[in-house]
Amino acid sequence: MDIVTRIVIIGGGPGGYEAALVASRLGADVVLVEAEGVGGASVLTDCVPSKTLIATADVMSSFESADELGIRIGGVSVGGSCVTGVNLDKVNRRVKDLASAQSVDIGESLSKAGVQIIRGRGRLTPDRQVEVDLPDGTVTLYHADVILLATGVRPREVPEAMPDGERILNWKQVYNLKELPPELIVVGSGVTGAEFAGAYQALGSAVTLVSSRDRVLPGEDADAAEVLESVFRRRGMRVLSRSRAASAVRKGDRVVVTLEDGRTVEGSHVLMAVGSLPNTEGLGLEEAGVELTRSGHIEVDRVSRTSAPGVYAAGDVTGVLLLASVAAMQGRIAMYHALGEAVWPINLKRVSSNIFTSPEVATVGQTNVKAQNDSPGFNEYKLALDSNPRAKMLGFKDGFVKLFSRKGSDTVVGGVVVAPRASELIHPITMAVDLHLTVDQVASVFTVYPSLSGSVAEAARRLHADVKDED
């Protein structure tokens with residue numbers, strides 16, 4: 001008689017739904033508990049909506065080089081209408097519709113795979129079962145052999161700048177706006193702040209970016225951050241560096257942000273992009289023996305195990321890397337491990353990531369930022385994007401391709417790309433890192449001429465030449 005493993009997953013984001021699909025295909029009985037909707041915050045209020053909004057902003061940004069390319073915008077019909085501005089209400093309706101459609105698609109895939117989807121809020125019991133508060137007020141207990149926690153994160157809130165959903169906003173509330181903010185203040189210059197600041201500037205808002213650090217994207221490659229901040233300023237964005245916000249107060253149809261040094265910044269709206277907090281409250285973690293990190297995230301190992309037997313965790317709630325791709329991989333790895341399949345522990349050196357600004361910033365592997373203490377040392381080469389013939393044809397001037405190789409072996413260990421669609425250009429570098437290719441191997445691969453990807457091979461050739469010159 002076959003014994004079927006019962007798996008209960010709390011949270012329907014990428015970590016949860018990808019785990020559910022894997023477990024179901026491997027023959028497990030899978031229950032997925034989700035309070036808001038399948039896809040979680042990533043699909044409904046975070047990744048999918050923000051990147052859809054940014055896609056519209058990208059179209060607006062592309063007009064920047066129109067004059068150089070000989071294109072007249074004013075009075076010219078584009079897609080049947082004259083390009084004069086943005087209808088934010090229509091943009092946000094499309095954002096929400098696409099997010100809802102994606103959620104439905106995921107739900108249908110789960111149902112076809114045999115996953116039981118429960119709408120409700122789940123929590124662990126002390127004996128590591130799952131209680132679910134259902135919408136009708138009843139509580140149901142689900143027995144589980146394996147539990148996966150994938151409850152995600154929420155926007156961090158500052159008591160002196162609490163969102164009201166109208167003028168003071170967090171990144172979940174911006175899609176309710178009916179009109180474009182005339183003067184938007186973005187507090188926070190990390191990934192979320194930079195993406196929204198760039199998007200709203202492209203859409204037509206006058207944007208002020210308040211950064212507590214000395215530059216935008218403080219955790220990213222310094223050269224990349226310098227290019228992006230230069231582009232922001234050239235396009236008219238006001239960037240306030242080393243300026244920590246103390247409060248945001250609404251005054252009628254205006255908002256006043258007070259900085260810690262006493263200065264004030266006034267605008268029509270403010271977006272608070274000051275990080276996130278893990279959704280670990282009310283899950284019964286302590287009683288079930290699940291340990292948390294100092295930051296409040298769930299502690300996991302490289303196969304997604306928590307400190308409690310039979311309990312795994314995946315996604316942003318673990319604080320490993322706040323990326324949908326990492327969440328999904330953590331969820332898959334957890335199920336492979338729990339169900340006795342061959343498993344490869346997660347290797348963060350192989351993870352590529354992208355910041356959807358204009359230009360985009362993509363990274364993979366070990367770079368100057370990520371390898372400060374790596375003893376063997378690195379060689380690096382940075383190739384400016386404006387040297388690429390295809391970039392010249394398209395009017396792209398801002399950006400570069402940077403490669404890192406290990407001294408001695410010349411193995412490619414990382415890369416940084418700053419360019420339009422850097423999220424696509426980083427892929428060949430990711431493959432080089434994953435497959436341990438040498439600089440020579442990357443340099444010798446044929447590329448289309450002319451193409452932006454040609455800069456990857458050219459950067460490898462020049463890095464090879466630099467290393468030979470040093471020898």
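Contact means heavy atoms within 4.5 Å. Helices (H or I, at least four residues) and strands (E, at least two) are DSSP runs, numbered from the N terminus. The model is predicted: local features need pLDDT of at least 70, side-chain atom pairs count only at pLDDT 80 or more, and totals for chains, interfaces and linings use all residues. Residues are numbered from 1 along each chain as its sequence is written, and side-chain values use heavy atoms, with hydrogens and water left out.

View A. Helix 8 covers residues 324-338. Buried here means under 20% relative accessible area, exposed over 50%, and partly exposed in between (1.4 Å probe, protein chains only). The buried residues of helix 8 are Val326, Ala327, Ala328, Gln330, Gly331, Ile333, Ala334 and Met335. They pack against strand 1 (6-10), helix 1 (14-25), strand 9 (146-149) and strand 20 (311-313). Just after helix 8, Gly340 takes a positive phi of about 80 degrees.

**View B. Arg302 and its contacts.** Arg302 sits in the loop between helix 7 (285-288) and strand 20. Its relative accessibility is 48%, so Arg302 counts as partly exposed. Neighbours within four places in sequence aside, Arg302 touches Ile333, Pro345, Ile346 and Asn347. Ile333 is also one of the buried residues of helix 8. From Arg302 to Arg250 is 52 residues in sequence and 45 Å in space, C-alpha to C-alpha.

**View C. Arg167 and its contacts.** Arg167 belongs to the loop between strand 10 (153-155) and strand 11 (168-169). Setting aside neighbours within four places in sequence, Arg167 is in contact with Arg250, Asp253, Val255, Ser268, His269 and Val270. Arg167 and Val255 lie 88 residues apart in sequence, yet 6.9 Å apart in space, C-alpha to C-alpha.

**View D. Helix 3 against helix 5.** Helix 3 (residues 47-61) and helix 5 (residues 191-203) pack at about 45 degrees, with axes 8 Å apart. Axes are lines fitted to C-alpha atoms, for helices over the stretch in contact; angles run from 0 to 180 degrees between N-to-C directions. The angle makes helix 3 oblique to helix 5 (under 35 degrees is roughly parallel, over 145 roughly antiparallel, 65 to 115 roughly perpendicular, the rest oblique). Helix 3 contributes Ser50, Lys51, Leu53, Ile54, Thr56, Ala57, Met60 and Ser61 to the contact. Helix 5 contributes Glu195, Phe196, Ala199, Tyr200, Ala202 and Leu203.

Definitions and conventions: Expected span 1.5 Å × (residues − 1).
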